[in-house]
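My notes follow in the order I took them.

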Amino acid sequence: KDGLAICPGFTTTHVIPFVDGEPVYKGCCRTNIGGYHITDYLKQLLSLKYPHHMARFTWEKVEDLKMEHCYIAADYALEAQLFQKGGKEAEDKTRCWQLPWVPLPTEEPPSEEEIARKAAIRERQGQRLREMAEAKRSSRINELENQLHGLEFLLQQLGQVQEEDIPSFLSETGYASRQEIELTLTKVTQSLRKAKGEPKPEQAENEEKADSCTSDKYPLINVPDNMLTPDQLKEKKRQIFLKTTTEGRQRAKQKRVEEELEQERKTQQDEERRLENPQLYLEQMHTKYKELYEKIELRKRLKTNGGHTNGSNSGGVGRGERLNAAQRERMRLLTTAAFDRGKGEDTFGAKDEDWQLYKLMGKDNDDDDDGADEDEAELARVSSRLQDIDPTFVPKLEPTASQPTITEVPHVRPLTKEDFQIVLGVERFRCPEILFHPNLAGIDQVGLDEMTGVSIRRLPSKDKALENRLTSSVFMTGGCSLFPGINERLEAGIRMLRPCGSPIKVARALDPVLDAWRGASLYAANSRFHQQTFSRADYYEKGEDWLRRYQVQYTL
């Protein structure tokens, strides 16, 4: 008939002393801590520990983890030290929750058969392209030959036409003069030789023909100015401009042709080397590609960060550090000229040496930029070549002038099975520990063991025998009493508060979760239930003092 009823529920925890089978309300004690706070605390710890899996930590799932894995430590400090040190015992007490995880498909390297098949496909495609190029070349040669025969026949007819009939004859052909026909004939002949792959004529012959064509097309260039009229002088200036423009275009065209021939020669040499030793050639191309890429990257970093290549000063580099040697020299010359100019009378330009300053400043000494263009062109060629001969080659992003600099993204390792595991270590006993130390969750109240001492001290009579009877019959109910180790921990806590030798016994209900429901159902099934209860209207009408004096009589 005498004992303590302890009920750690969902949101609150109650301790009610019973004397002679009746509750002593003055000795009751309550704290605002319960299973809700344990679940919420566990949810917070797991969300902080695994922020990438916060969506997995639903309230229901965390509740299941709490009831399945949490326990009450006999000594919280020793248990925490055990997990801090690690070892076999701590590993045995650790639980792991494996989340759904599907391994990423692994990309296997292509087999020798696959590589051979792709090589055969490329060979067939190359053969088809060569056949198309040969057909196009033959068609081009036939077209040029027909055009050449037509121009030669036109010149023969023009030689048979009388002098006064030449303008009318030329108007029908679409040419302005005989020189224009001969110039077109020369161009068609050169194009035909190039299409056939025949060697070019000697340089002297080309120069002689060019001079003759120039003298015929621009007759006023070599005539002195004092022998020309004002209109002829204007025409001479126009002819000089046209000649200069034409020669510039021809030089640019000749340069492009030479670059194409040089590119074809390099490609042919590379193909010969590849046929001699394919494996060695492939290794050399990969090495060359890596060296060129690193060289361009280094030049880019030097241009951006000056002399600091370790990347530590990437944000605070001044303009002086970003300038290369040629730009710094030009800045020095400009500064010196401005300083000297302010000393006195401005005599700059009186001497011939002064004009040398403009040449020095205008001279393009940026050899690094020219080298960068050459390296980038070579890198593009090597990359294209590697794509043709190596199916597994993946080119990197080459830094170009038209393409903005892209910050290299740090390498992220692929997710593994361990990344989808929720490990429960100290959380297993740290969360339910708030029943005995609510301050861990920020609640400034006493724990379960101290609540028993407070409840005994609140009893009206200070009878030692009654206190011993109460502590020898401690009854626990409620959902939180299901934690393993709670009986032993509560018994040890009460023993710390009671005198030495006091009888202490803690018992747990057979069904702590549904005991309260079963008791309420029996009480509601009693025939005198309606007589022993009151309504909300009674409470509102009679007030709280009446409720405190209300005595409920019930029979189980």
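I began with β1 and β2, which form a hairpin with 4 residues between them. Strands here are DSSP E runs of at least two residues, helices are H or I runs of at least four, and both are numbered from the N terminus. Before going on I noted that this is a predicted model, where local features need pLDDT of at least 70, side-chain atom pairs count only at pLDDT 80 or more, and totals for chains, interfaces and linings use all residues. I also noted that residues are numbered from 1 along each chain as its sequence is written, and that side-chain values use heavy atoms, with hydrogens and water left out.

I found 6 bridges between β1 and β2 (residues 13-19), in the antiparallel sense; two strands pair if DSSP finds at least two bridges between them. Pro8 has Thr13 in β2 as its bridge partner.

Next I followed β2 onward. The β2-β3 pairing (β3 is residues 22-23) is antiparallel over 2 bridges, and Val19 stands opposite Glu22. β2 also runs antiparallel to β4 (residues 29-31), joined by 3 bridges, with Val15 opposite Cys29.

I then checked β5 (residues 95-98), which is antiparallel to β6 and joined to it by 4 bridges. Gln98 stands opposite Gln421.

In the loop between α14 (367-389) and β6 I looked at Leu415. Leu415 counts as exposed because its relative accessibility is 52%. Its C-alpha is 8.1 Å from that of Leu104, 311 residues apart along the chain. Leaving out residues up to four places away in sequence, Leu415 touches Trp101 and Phe420; contact means heavy atoms within 4.5 Å.

**Cores**

The largest nonpolar core has 43 residues, and Leu435, Leu448 and Leu490 touch the most other members. A core is a set of buried Ala, Val, Leu, Ile, Met, Phe, Trp, Tyr and Cys residues joined through side-chain atoms within 4.5 Å. Elements that each supply at least two of its residues include β1 (3-8), α1 (35-49), β6 (421-424) and α18 (486-497). I saw that α1 gives the most, with 5 residues. Apart from this core lies another, of 14 residues, among them Leu155, Ile181, Val188 and Ala195.

I also listed what Leu435 touches beyond four places in sequence: Ile38, Gly447, Leu448, Cys480, Phe483 and Ile486.

**Surface and totals**

Met67, Leu482, Val513, Leu514 and Trp517 make a nonpolar surface patch of about 490 Å². Trp517 lies in α19 (residues 515-525) and counts as exposed because its relative accessibility is 60%. For patches, residues need over 30% relative accessible area and no salt bridge; like charges are joined within 9 Å, nonpolar side chains (Val, Leu, Ile, Met, Phe, Trp, Tyr) within 5 Å. A salt bridge is a side-chain nitrogen of Lys or Arg within 4 Å of a carboxyl oxygen of Asp or Glu. Areas come from the Shrake-Rupley method with a 1.4 Å probe; for residues, only the protein chains shown count as cover.

Last, the totals: I noted 20 helices and 8 strands, and 28% of the 556 residues count as buried.

Notes
Buried means under 20% relative accessible area, exposed over 50%, partly exposed in between (1.4 Å probe, protein chains only).
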